[in-house]
Every structure is written in C-alpha cells, then in structure tokens.
Protein chains: 2
Amino acid sequence: MASKLKLIPLGGLGEIGKNITAVEYGRDIILVDCGMGFPENDMYGVDVVIPDFSYLKVNKSKIRGLVITHGHEDHIGGIPFLLREVEVPIYATELTAALIELKLEEHSQLTNTQIFVKKAGDKFRLGCFEVEMIHVNHSIADAVGLAIKTPIGTIVHTGDFKVDLTPLQGEMTNLARFSELGNNGVLALMMDSTNVEKPGYTPTERNVGKNFEHLFDGCDKRIIITTFASNVDRIQQIINVAHKYKRKVAFTGRSLENILKVCSEIGKMKIPEGTIVEMDKINSVPRNKLVIICTGSQGENMSALYRMAHSVHKQVSIDARDMVIISASAIPGNEITMGRVIDLLFQRGAKVVYDKEAGLHVSGHASREELRMILALTKPKYFIPVHGEYRMLCKHADLAREMGIKPNNIIIGENGSVIEITQRNIRKNGAVKAGDILVDASGTNEIGSDVLSDRKHLADEGVIFTSLVLSEEDGSLIAPPEITMCGFADPGDLEMVETNLRRIVYETLSYCDKKHIRNLATIKSKLKTNYSGYLYKTVRRSPMVVTTIHKL
Amino acid sequence: MASKLKLIPLGGLGEIGKNITAVEYGRDIILVDCGMGFPENDMYGVDVVIPDFSYLKVNKSKIRGLVITHGHEDHIGGIPFLLREVEVPIYATELTAALIELKLEEHSQLTNTQIFVKKAGDKFRLGCFEVEMIHVNHSIADAVGLAIKTPIGTIVHTGDFKVDLTPLQGEMTNLARFSELGNNGVLALMMDSTNVEKPGYTPTERNVGKNFEHLFDGCDKRIIITTFASNVDRIQQIINVAHKYKRKVAFTGRSLENILKVCSEIGKMKIPEGTIVEMDKINSVPRNKLVIICTGSQGENMSALYRMAHSVHKQVSIDARDMVIISASAIPGNEITMGRVIDLLFQRGAKVVYDKEAGLHVSGHASREELRMILALTKPKYFIPVHGEYRMLCKHADLAREMGIKPNNIIIGENGSVIEITQRNIRKNGAVKAGDILVDASGTNEIGSDVLSDRKHLADEGVIFTSLVLSEEDGSLIAPPEITMCGFADPGDLEMVETNLRRIVYETLSYCDKKHIRNLATIKSKLKTNYSGYLYKTVRRSPMVVTTIHKL
C-alpha cells in the first residue's frame, strides 16, 4: 500500500502562538517552525508555553529537518526545548538563522546543532521532500513561505506574511512564484489566518515612516520610540528619519540590543556613520538631537519603557521635554498593562503619541483581500487554514469556500490532528498527543495541571497549615497545635480565626478519641471538614487546609 | 473667612470604575454616585473593588445626601458598602432607584435606607446645595447629569452621557438646559472622559436596531443575542425586531432577569402581549420563531452564554441551527475570555456575528465632538475632567484648552485630590485618603496588601511547609521532619527534592547545635536560607518557605 501524506499541526491551531507543523510521508518527517507561546493569566508562575513533543520523540528517527519560516518567537522559541529531545538540522534564512544562533547560545546548545543558512529561492532535499523557500513580506525581515514538493504533490505553506507593494527593503512577496506553483498544481495550501477578520488590504510599512516624519518635523523634544525589537524594517525607518532630522539614535532594552548586534553582524541594517550613540553617552547629545529606541511596546514588566515610566531606568528620566511614540498596537490581553505605562508617562508630563489614528503601526499579516489573492494564485486542491484562533480558522475556511474551494477539501484542524492527504481526498484521521507544556523561567521545570490547580486555590484563598504532635499511645495532643496562615486574611482578623481553629482542633481530636479513630488520614480529613465548615460559615472562605501530624 | 467649595473625587479618576465625588461647602457634603470596580488580574481572590470611605466616615455628620446619575455598577455598586459606614438618603430617577433597591434587598439593607425617586427636571435642596437633574442619553435609561447650585456658583456634572439625536425612548440629552445654565454662568464643569480618544460623534442607538433587522430578515435559525443586561433600550430594540419578525423572546441570566423584573414593575419596557416565553418552555416554540436574550457579553465565567458555549446550560444546547449575535464590545481586559467563548460557539457549529463592522453595538459615551458641544454650551469657568484613565483626563484637558478654557482653570485630579474652588481661582490643595479597597465574594472580608503579596508568591512559586519537633532539653530532633509542598512541583520531581530538603534540615539543625543556636526564629531563618539556596541553585525556584517548630 502506498504511503499517505500526513500534515500534523502540533501547535498554532486554535491559538496564535507556538507554531509547529509536522509533514510526514513514509519514513520521512520534516518540521515547519517550532515556536513558543506566552502563558494565559490563570497559568500562575508559568513563563513559557511550548508544544508537546511526544509524537516527535517517538518518531525521532524519521525527522529529516526543521525548516523555519522567520525569526519571531512564536516560530523559533520552542527550538531549544525541541533540541533537548530530538537532534535535528535546522534550515533558515540569514537573519532567522542568526536569531536562532543567539537563542541557542543563551541555552548553551549552539555547538551541538547544525544550522544551514538558505535564502529565498533555494531548494533543498530533506528525505523524500524537496523544500523551496519563497520570499514573503512580514514584520520581520528575511521571512519566507515554503513550497514542499512531496511524492504526491506540492504543499504550499505561506508562513506569516502580508503583501507589501512598497516594502522598505527587498522585494514584495513573490507573487510570481506563488502563481507559477499554482499553474503547476498545488495539492494543499496552509495559510496564515491571523488577519482574516480584517477587510481589505494591510497597509504598507512605508506609511509608518511618513507618519514618523510628521512627528519629527519641527519637534524640539527628545524623542523616545518603542516598537517590537524584531521589526528590523521599522527600526531602519526610525534610523532613516532620525538621520534626516540630524538626530542621534540610542538603543535600550536587551532584545533590541540583541537584534542590533545580529543585524550589524550580517549587515541587515543600514546605519549611517556616526548615527548611533551609546546609552551611557546620551547626555552628551542635546535633547532635541536625540532619539531613543526602546523595548516595552506591550508594557512588559521591567522592559526599558516600563522602567522609564516607573522612573527606575538608569539613563532616562522622563519629563515634559520628552515625546514618547508607541509604534505598536497592544496584543489582545496586553491593553491594560500598556495603558498603565502610558498613564505613567503622562503623569511624568511627557507627550505620548499612541493613537490608532496616528498610523504609527501596521500589521505584518495579510488581510482578507491578500488572502484571497494567494488563494487565487495558488489554486490549491485542498486548503488548511493555520496560525489562528478557532474562529479565525472558521472564517478563513469560509473565505476559501467563497473562492471556490470545495467544502470537503477544506480541513479545520486542531493541534494534534492528523490530516491525511491523498490525491483523491483529504480527511482528519485521528490525532496525536499535542497541547501546551508549561514551563517556568528556569526553562527546566514543567508545570503540571495539579500544580496549577493548587496554585489557583492558593492564589484565590490562601492556605492554613496545622501541625500537631500526638501521643503514639493514646492519640492525645502532647504539644500545643501550631497554626500558620498565609495569604488568608489580614492580621487584624487572624487572631479570632486562630482561636476558633484551635478550638476546632481540640473538638475534632476529642471526637476522634471518642470514636476510637486513630488513622491519621481520617483525623486530617475530619479536621479539614470542620475547619472548612467553620470558615465558610463565618467568612465565606475556603482556603487550602494542610495538616501534618507527628506521632511520638 | 468665607467657606471654600471643595470637590473631592474619591474614585473615577485614573480609572473607569468606582465613581464617587464629594462636593463640600462649609458644614455640608453631598455625594455624587457611589460605584464599584472590578479587580485587576493580579488581585488574586478579589471580587469587588470599592472606594475608601475613610473621609466620609470622619465627616459623616456633614453628609446631606447621595445623588446617583444612573444605574450602572460603577455608579451604584459601592452603595451597600457605603451604607454600612454612613447613613445617607439617596436621590435617583425611577429606574436607577429600582436598581438600587434590588441591590439593597440582596444585601438586606433596604428597610434602613431612604430612597427618594426624582425625575429629570426636578430640583431639590440638600444642605446649602440645590441639585437639579438634567436628562442625558446613555447606555442605560433614566440617566441624568446634574447642576449643583452652590453658595459660590453652579457646578455641572454630566454623569455618563452621549448626545443621541434619535434616541429610542424619550428625548435627546437636554442640550437646551445645558445651554441655559451656560448663559446663566457655570462655575465648574465635571465631564465624562471615557471616549475623549474617539474622534467625531458616537452613533445613535437606533443604528443597532437596523442591523438587527438585517440579521433577522430571512433567518431560519434560532437567534441568541447577548448584550449588557442594563441596556434597556438595546433589549427593547431586540424585542421590537423579534415582534416584527414574529419571534418569541426568552431571557436567561440572573442580571437580565433582574432588569426585566424591575422594568416591568415600573413600566420601562414595552413588551407586546404574548411575546415573552419562559426559558423552560422554549422547546414549545419552533427554533426559527425564537430569540433568546442572554447575559455573558464579556465572556463572564458562568454567565448564560458561557454556559451555552461550554454545553452546561440547562435549557440551551448550541448547534448549527443557531445564530449567536454579540451585541457588545469587549471591555479592555475581556478580549481573551470573550474570544474563548466565541471559539467554543464556532466549535459547536453556530453562526456567530461579532464583528465590529456589523454595527451591533454603539458606545454610551460621548466622543470628542459631543464633549466639545457641552463645553461650548456650558461655557464653564473651571473644568475638571472625570471618569477616565489618566491619559484620558489629559486628553480631555487638552480638548478644553482648545475650546478656550484657560490652562490654569483646568484641574487634572487624582482620587482623593481636594480641589478647592473660589470665584477667583481653582487649585488642588492636598488630598484625603482614597484608593482601592479590595473585597472578596462574601463582601465582608477586606483583602490587604500583605495578603495579596503572599497570594502572589504562593501563586507564582507554591509553598513548602516544614514541621519539626525538637527536644526542649538539647534542641535535638525527636521526630522525623514532616515536609509538605503545595503548588510547587509535580509528584515526579518531588521525591528527589524532598530527600534533599530533609538532608538540609539535618544539616541546619546540626549547624545550629554546634553554634549553640537555640532561638527558634533563628533556626527557622537559617533553614529558610538553606532551603532557598538549594532550590534556587537546582531548580531556579523560590517558593514560600514556612516552618513550625514544636518544643517538647
């Protein structure tokens, strides 16, 4: 029996984050991207969310390569974790490769990993697959889509993309190549769904530059601009405008410093001689001749802008002689933290420009008409929307139907879905283990659901510890009970509660004695029931109750 | 010396929530509104945020009345808590009063409270003040602004408002009265800043009705609509459209049922005979002849729509024969929870209409041009922007400056600011205690900052609890140490950690013995240091460490 082609998205479906897809045929698997996500609010103490690699661990002998579409964290952030489980060569364009190297260096994994630098237009064989990289526009330079020639036909994966007709650097998305592939026959298209809810076309990056000019023109303040560190084109535009208005440029924030280092190493940024000034020398430049580019466009805790807003930045103290430009839009979930930072900047007297109307940011993702364009050019037989919340995948499927793709040829998958493709049909055939693996800052501790549910209980209600010393002989209390409460109530209220809990300890032990209950687990459970009853009745609270008993 | 007029906003500045302002002259204070707010994400276990009433407790003998502008929670939610501290008569319009009564009934406070029902146009005296209610449009019926005649001049407080030229019920905002007041001289204007960042005019409520019609027309599905329960006009529009298309209407969700009860008691809603169907009888109505109006427009936990999405609603099971209309926009911070509910509805196959472009919601707050209009009509000498985040207050101040108000006559306050007004000038003169009081679901427990910081620590890192029994005589261990960990790590990792912690207990005690350390606090602190060192080194974690020692 002939092998079947399987597409297995292990992340990125039903979410915008931790993108990773396995493409499998016979004895060969290639991976497209390996990202990480950020924790939701109720994932206490979790710093990073990575994909479940179980399926890849089991099939590690089949994996021929990891192909990366671009250098954003939701496409490369999972790599160090994957490499702990599976040895795999990596294929990426120059900037992407440099960002991966930086990341692996931080994780001390660089020396063991093969990274092959490719460029748009390159084709290379991985097992039974031939992979071709296709230039696309995105909010980071050196992004590519992929054409993957498989034994039964060509799969096109757009990666994250938009169609920028006037890109700042390089060419626009290689529509000609997508069109050629379409004319030669595309079996399946996997396409970025992020902006499927946005009508029309995503504006060009160049618009932002024009609006920077309006703001710089005649401005006598120091200018501080925050944006996504990885948006090399945006940073280039800021540098260009600064140069035009004879301002020096300084950078602050670790991720920006990293990007700058990487870009200057590979020559991705054009910085006119003498433009850059070190942060510790900014005082030598007149305020109205300075631009500071900084991290913190999402209000991130302890980012450079956050520190400025809270007056704890080493070199920058904000006042009325500053104009702060927020060249980003808040990612859903970050509006409130970003709003707080803006409020603080206002309180320090700064002029803050952050309005949507000011056109200081454009998206890196294709809107509906661009998605239609790629569908029209590639004319795929099958369509699988990827990179989106579930509702976006559904809307993207609707769009594909409107564009004439047969309903049966469109698959809305979930993370782990095994999407089986033959030349005759496409279907979901079962699923492999997939989901969120929660990791803390150390990157070594996985945080399971039991730990999370304990943390949720602790966070909402606090905990009461009771320690008892009982006589081995007759079960009687031979030391005063020790009761400790954390995160439960304010000291004022504690005394009364503690007195009552102490009484409950005595009553419970006396009850157990009367009933000849000597089993420690039973005593603990009785105590918990009695505590809980009292606490709920008097203060409507249900803290975690933990009891230890020493027998002597 | 003549008394000074003081405006003291105790809430609503630097936030959109818990609005309350004290107006004080000589021996008289009146309060405008008394709202509550919702907790931020890091306020673990907090359900309600109320204003700090310290200043009012101290000055309770001066308080002549509480005047409420409208029935939204951020204007009435704090009343039950205020009434525990201060006895005060309440003045409100009919619907507002009914909603307050409902709330006080739930808190068993109704019998002790005087509520005077007033209507727009009414004037009444409270101490040295004369208060006049002025009809305004808002997203709840029966909203008013206030003109407060004080011994030194008239203060206008807009309350929350917009200018709807074609309101669904009643008149448009009483611009004529604002204009008359302006002609007679307004000393100070306090105005709603919520939408100061929105250019132009806020659209009329009637637009939403038209868009409902488009969706109902020819629809063969059951229609489920969620909106804010308090938006009586919106609900009226749904009923009107349902009636036109010969559909019955059912309601689900407690706050909606409450509103409906209140409105039908005071005749605020016009419901054609035979339109309503009880939820437990909806199966007797054909699906395409039914509209269900439900709570949950913000994705709130356990709201009616949330339960439908999670397939745990008693009477409603969602499938492809349903169209769900989200007639609301997500309040910042709620986008993610709302997105999850929409995703689940999609997964059940429902058609979901939620796009901003569909025009299924309009704001209840005035945009920039409407704010300008009120400034132009009232021509106030002094201006105090209220009801907004700090950045909005600043933008509102800019707007007032553009409209010709002198910069020195504009005050951006903070909660607690004492804004002193004479006929000659306005200034901030110190501050009174104000801020967030955090309350849990029971409504009786105040949650202080120590408790919150413990909860944050517990949530992020978990806790390790150690109980020791030491000999009184020589400090030696006379029972095995008991170590319990909660929310710290998964069971797989615990064993190794526990073994090592046990070793650290022995080492620490032996060290203390050698150094003749017998003080329990010192032993605990040594143990904590040693635990922390080990845990940080091996797993980069810093759980809370709690130790109790019994001496025998």
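How many residues lie between β2(B) and β3(B) in the hairpin that they form? In this predicted model, local features need pLDDT of at least 70 and side-chain atom pairs count only at pLDDT 80 or more, while totals for chains, interfaces and linings use all residues. Residues are numbered from 1 along each chain as its sequence is written, chains are lettered from A and ligands numbered from 1 in the order in which they are written, and side-chain values use heavy atoms, with hydrogens and water left out.

The hairpin of β2(B) and β3(B) has 2 residues between the strands, and G26(B) in the turn has a positive phi of about 55°. Strands here are DSSP runs (E, at least two residues), as helices are (H or I, at least four), numbered from the N terminus; two strands pair if DSSP finds at least two bridges between them. Strand β2 (residues 20-25) of chain B pairs with β3 (residues 28-32) in the antiparallel sense over 5 bridges, T21(B) being the bridge partner of V32(B). Strand β1 (residues 5-11) of chain B is also antiparallel to β2(B), joined by 6 bridges, and K6(B) stands opposite E24(B).

In β2(B), 6 of 6 residues are buried (under 20% relative accessible area; exposed is over 50%, partly exposed in between; 1.4 Å probe, protein chains only). I20(B), A22(B) and E24(B) point one way, and T21(B), V23(B) and Y25(B) the other.

In chain A, 5 strands form an open sheet with parallel pairing, in the order β14-β15-β13-β16-β17. Its edge strands are β14 (248-252) and β17 (351-353). Within this chain, β13 (residues 222-226) and β16 (residues 322-326) pair over 5 bridges, with I225(A) and I325(A) as bridge partners.
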